[in-house]
Amino acid sequence: MGLLDSVLGQVLGGAGQQQQPQGGGMGDLGGLAGALGGLLANNGSEGGLGGLVSKFEQAGMGDVIGSWIGKGENQPVSEGQLQDALGGDTIANIASRLGINAQTLLPMLATLLPVLIDRLTPHGKVPEQGLGDQNDLLGSLGGLLQNRQP
């Protein structure tokens with residue numbers, strides 16, 4: 001998972017290093033990749049990309065996540081919107097898994113989720129079979145982030 005760690009570091013623009021808590025945590029960007037896989041994978045805790053879309057729709061932000069999936073400009077998402085869509089428990093679980101707090105996690109998710117979902121849906125729609133299980137998705141994330149346009 002070293003390649004994915006390095007690519008995530010590039011996408012974050014060094015934010016992982018700047019926001020690293022005492023005692024580690026964000027030094028392992030593989031943990032972040034695993035957390036993202038948990039959000040997007042078919043066998044993840046949120047029901048895959050389809051489940052994530054449902055959560056955004058229920059929070060009144062279907063147009064936001066729809067812009068990430070569809071072709072064209074990605075709408076930004078605020079930290080508060082992510083908190084509303086994903087829920088405090090999901091945010092707390094991911095943050096705990098990474099050894100960081102929600103205030104550190106939310107800006108990273110706000111930056112990464114639009115890019116990842118956009119890249120994982122190149123045809124402008126959610127694949128009928130979903131994005132695959134977490135192991136498959138981790139491999140895809142590495143390749144997608146590496147080929148990200150500057």
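Predicted model: local features only at pLDDT ≥ 70, side-chain atom pairs only at ≥ 80, totals over all residues.
Me: Now the fold. How many helices and strands are in the chain?

Reply: Nine helices and zero strands. Along the sequence the pattern is α-α-α-α-α-α-α-α-α. The chain has 150 residues, and 47% of them count as buried. Among contacts between residues at least 6 apart, 68% join residues at least 24 apart.

Me: How do I read a helix pair? At what angle do α5 and α8 cross?

Reply: Take the axes, then the angle. Angles of 65 to 115 degrees count as roughly perpendicular, under 35 as roughly parallel, over 145 as roughly antiparallel, and the rest as oblique. The axes of α5 (residues 62-69) and α8 (residues 102-120) cross at roughly 50° and come within 7 Å. That makes α5 oblique to α8.

Me: Which residues meet there?

Reply: From α5, I65, W68 and I69; from α8, L113, P114, I117 and D118. By class, this contact has six nonpolar residues, no polar and one charged.

Me: Which residues of α5 are buried, and what do they pack against?

Reply: V64, I65, S67, W68 and I69 are buried. The buried residues of α5 pack against α4 (48-58) and α8.

Me: And α7 with α8: what is the angle, and how far apart are the axes?

Reply: Helix α7 (residues 88-98) packs on α8 at about 105°, with the axes 9 Å apart. That makes α7 roughly perpendicular to α8. On the α7 side, I91, I94, A95 and L98 take part; on the α8 side, A102, L105, L106 and L109. The class count for this contact is eight nonpolar, no polar and no charged.

Me: Next, the largest nonpolar core. Which residues touch the most other members?

Reply: A core is a set of buried nonpolar residues joined through side-chain atoms. The largest one here holds 35 residues, and F56, L82, L105, L109 and I117 touch the most other members. Helices α3, α4, α5, α6 (79-86), α7 and α8 each supply at least two residues. The largest share, eleven residues, comes from α8.

Me: Take L82. What does L82 touch, leaving out residues up to four places away in sequence?

Reply: F56, V77, G87, L106, L109, A110 and L113.

Me: Finally, a loop residue. Where is N42 found?

Reply: In the loop between α3 (29-40) and α4.

Me: Is N42 buried, partly exposed or exposed?

Reply: The cut-offs matter here: buried means under 20% relative accessible area and exposed over 50%. N42 has 39% relative accessibility, so N42 counts as partly exposed.

Me: What does N42 touch, not counting residues up to four places away in sequence?

Reply: G48, Q129, G130, L131, G132 and D133. Check L131 by distance. N42 and L131 lie 89 residues apart in sequence, yet their C-alpha atoms are 6.3 Å apart in space.

How values were computed
Residues numbered from 1 in each chain as written. Heavy atoms only, no water. Axes fitted to C-alpha atoms, helices over the stretch in contact; angles between N-to-C directions. Helix = DSSP H or I, 4+ residues; strand = E, 2+ residues; numbered from the N terminus. Contact = heavy atoms within 4.5 Å. Nonpolar A, V, L, I, M, F, W, Y, C, P; charged D, E, K, R; others polar. Buried < 20%, exposed > 50% of the residue type's maximum accessible area, 1.4 Å probe, protein only. Core = buried A, V, L, I, M, F, W, Y, C linked by side-chain atoms within 4.5 Å.
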